Amino acid sequence: MKTQVNIIAVVDVIGALSVRTLLDGNLCMVDDSAFDSTHQGTADLVTVVKPGQVVSWTALAVDLQTPVEIKNISFEPANGHNGAAASGPAMSPPGSAAASKGEAHGQEESEGDKLDLDVWTGVVPHWMTPGVPYQYRLELQMYEGSNSVMSIDSPALMCQ
């Protein structure tokens with residue numbers, strides 16, 4: 001088993017900002033999971049993981065002139081499933097006190113006061129129910145301005 005799964009979100013920033021959505025082909029997500037992830041190349045990627053694996057997210061812009069970065073990743077309750085799996089943290093970065101908030105965390109690579117998060121990582125917790133997709137919200141920051149943050153709730157992690 002690979003100890004890390006990499007998820008890449010490729011964003012057509014100009015297209016997304018023009019129509020104000022990450023849908024309609026403006027976001028393409030792929031992973032390198034050793035298992036059978038589904039919906040590769042779409043915004044509905046379901047990445048199949050194992051408990052204890054590290055998951056790493058990276059955002060890349062199609063147009064290199066317009067930057068894109070991950071602003072936040074947060075997990076939603078699993079479809080139709082309540083209880084600890086739905087309300088607890090879905091990702092637990094090792095040694096992080098903020099793990100109980102259910103968020104993955106970026107690796108800060110700052111220059112002065114500017115927060116520049118290029119790679120977000122987390123660890124798949126052991127309490128995830130196998131076969132249940134845990135959807136998450138992926139928020140992307142594209143350039144600057146009031147309409148520069150967009151999110152999508154359709155990608156998910158699912159334990160095998």
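When I say helix or strand, I mean DSSP runs numbered from the N terminus, with H or I over at least four residues for helices and E over at least two for strands.

Some housekeeping. This is a predicted model, in which local features need pLDDT of at least 70 and side-chain atom pairs count only at pLDDT 80 or more, while totals for chains, interfaces and linings use all residues. Residues are numbered from 1 along each chain as its sequence is written, and side-chain values use heavy atoms, with hydrogens and water left out.

How confident is the predictor? The chain has a mean pLDDT of 80, with 74% of its residues reaching 70 or more; pLDDT is the predictor's confidence in each residue, from 0 to 100. Residues 80–102 have pLDDT below 50, and this stretch makes 48 contacts in the model beyond near neighbours in sequence. Residues 108–115 are also below 50, with six such contacts. Contact here means heavy atoms within 4.5 Å.

Now the overall layout. The chain comes to two helices and 10 strands, and along the sequence the pattern reads β-α-β-β-β-β-α-β-β-β-β-β. Of the 160 residues, 44% are buried, where buried means under 20% relative accessible area, exposed means over 50%, and partly exposed lies in between, using a 1.4 Å probe and protein chains only. If we take contacts between residues at least 6 apart in sequence, 63% of them join residues at least 24 apart.

Back to β8. Why can we call β8 largely enclosed by the rest of the structure? Because seven of its 10 residues are buried. As for its partners, β8 pairs with β5 in the antiparallel sense over seven bridges, and serine 74 stands opposite arginine 137 of β8. Pairing, for us, means that DSSP finds at least two bridges between two strands. With β9 there are four bridges, again antiparallel, and glutamate 139 has serine 151 in β9 as its bridge partner. With β10 there are three antiparallel bridges, including the one from glutamine 135 to alanine 156 in β10.

Strand β1 (residues 4–11) pairs with β2 in the antiparallel sense over five bridges, and isoleucine 7 stands opposite aspartate 31 in β2.

The side chains of threonine 47 and aspartate 31 are joined by a polar contact of 2.9 Å. By polar contact I mean N or O atoms within 3.5 Å; within protein, one must be able to donate a hydrogen and the other to accept it, and residues adjacent in sequence count only if both atoms are side-chain atoms. Threonine 47 is buried at 0% relative accessible area, and residues it touches include Val5, Ile7, Ser33 and Leu157. Its C-alpha lies 8.2 Å from that of isoleucine 7, 40 residues apart along the chain.

Glutamine 53 is in the loop between β3 (46–49) and β4 (54–61). Is this glutamine 53 buried or exposed? Glutamine 53 is buried, at 2% relative accessible area. Its side chain reaches the backbone oxygen of lysine 2 at 2.6 Å, and among its contacts are Met1, Phe35 and Val124.

Last, the cysteines. Cysteine 28 is partly exposed at 28% relative accessibility, whereas cysteine 159 is buried at 3%. The structure holds zero disulfides, a disulfide being a pair of cysteine sulfur atoms within 2.5 Å. Thanks, everyone!

Note on methods. Lists of a residue's contacts leave out its neighbours within four places in sequence.
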